[in-house]
Amino acid sequence: MSIFTKIINREIESNIVYEDDLVIAFLDISQATYGHTLVVPKKPYENIFELDDEIAGHLYKVVVKLSKAIKKALKPDGLNIVNNNGIAAGQSVFHYHIHILPRYEDDDYIMFGYNHFEDYTKEDMTKLKDLIIEAQ
Ligand code: AMP
């Protein structure tokens with residue numbers, strides 16, 4: 001049983017900010033930024049690849065609702081939505097969840113990616129686009 005299922009079952013304490021039949025949201029214990037919140041389906045899907053349209057749509061509605069509430073309550077300067085899938089992507093709890101990270105001008109949260117634009121030709125990009133289209 002995942003740590004998030006234990007939170008859903010009230011077997012461990014958390015600060016719950018939203019709950020309905022399908023979804024729960026609570027403060028992330030790490031508070032990477034002030035107001036860092038997790039939105040979690042009650043059914044323990046492991047990652048994004050297991051989600052169906054119905055839960056995906058509902059989850060994102062809750063993410064939008066809580067983002068607006070966090071903006072109103074905490075007045076951050078910005079906000080990131082993050083979801084890690086797999087160890088390579090930094091996932092540490094294997095029960096699907098979406099991070100809401102309010103951002104502040106002076107916070108210490110780091111999100112960084114190098115720009116690899118120059119590594120790809122126009123043909124590489126067309127091939128890449130086609131690979132993704134063909135897989136849908
Ligand atoms: P990830 O690395 O994307 O799998 O994120 C897992 C998140 O779960 C981390 O940000 C942790 O701080 C958070 N977390 C782990 N245990 C708890 C807990 N008991 N209550 C709240 N958040 C937790």
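1. Let me start with the pair Asp107 and Arg103, which form a salt bridge with their closest N and O atoms 2.8 Å apart. Please keep in mind that this is a predicted model. Is Arg103 buried or exposed? Arg103 is buried, because its relative accessible area of 18% falls under the 20% cut-off.

2. The salt bridges come to four by count. Another of them joins Arg10 to Glu19, where the closest N and O atoms lie 2.7 Å apart. Both partners are partly exposed: Arg10 has a relative accessible area of 48%, and Glu19 has 35%.

3. Strand E1 covers residues 16-19 and pairs with strand E2, residues 23-27, in the antiparallel sense over three bridges. Which residue in E2 stands opposite Glu19? That residue is Ile24. A hairpin of three residues joins E1 to E2.

4. Lys129 and Asp130 form a salt bridge, with 3.2 Å between the closest N and O atoms. Lys129 is partly exposed at a relative accessible area of 43%, and Asp130 is partly exposed at 28%. Leu131 is found in helix H3, which spans residues 122-134. Leu131 also belongs to a nonpolar surface patch of about 510 Å², made together with Tyr120, Met125, Leu128 and Ile132.

5. Asp77, Glu105, Asp106 and Asp108 form a negative surface patch. Where does Asp77 sit? Its place is in the loop between helix H2 (53-74) and strand E4 (78-82).

6. Two backbone angles deserve a check by eye. Most residues other than glycine have a negative phi. Lys75, however, has a positive phi of about 50° although it is not a glycine. Lys75 lies in the loop between H2 and E4, and it counts as exposed because its relative accessibility is 63%, over the 50% cut-off. Gln31 likewise has a positive phi, near 45°. Gln31 is placed in the loop between E2 and strand E3 (37-41) and is partly exposed, with a relative accessible area of 30%.

7. What about Ile70, buried or exposed? Ile70, whose place is in helix H2, is buried because its relative accessible area is 10%, under the 20% cut-off. Ile70 and His36 are 34 residues apart in sequence, and their C-alpha atoms are 9.3 Å apart in space.

8. Finally, the overall picture. The secondary structure of the protein chain comes to three helices and five strands, and from the N terminus on the elements run α-β-β-β-α-β-β-α. Along the principal axes, the C-alpha atoms fill a box of roughly 55 × 35 × 25 Å. Of the 136 residues in the protein chain, buried residues make up 34%; Ile70 and Arg103 are among them.

Terms used
Residues are numbered from 1 along each chain as its sequence is written. This is a predicted model: local features need pLDDT of at least 70, side-chain atom pairs count only at pLDDT 80 or more; totals for chains, interfaces and linings use all residues. Side-chain values use heavy atoms; hydrogens and water are left out. Patches are made of residues with over 30% relative accessible area and no salt bridge: like charges are joined within 9 Å, nonpolar side chains (Val, Leu, Ile, Met, Phe, Trp, Tyr) within 5 Å. Accessible areas come from the Shrake-Rupley method with a 1.4 Å probe; for residues, only the protein chains shown count as cover. A salt bridge is a side-chain nitrogen of Lys or Arg within 4 Å of a carboxyl oxygen of Asp or Glu. Lys and Arg count as positive and Asp and Glu as negative; His and the chain ends are not counted. The place of a charge is taken as NZ of Lys, CZ of Arg, CG of Asp or CD of Glu. Helices (H or I, at least four residues) and strands (E, at least two) are DSSP runs, numbered from the N terminus. Two strands pair if DSSP finds at least two bridges between them. Buried means under 20% relative accessible area, exposed over 50%, partly exposed in between (1.4 Å probe, protein chains only).
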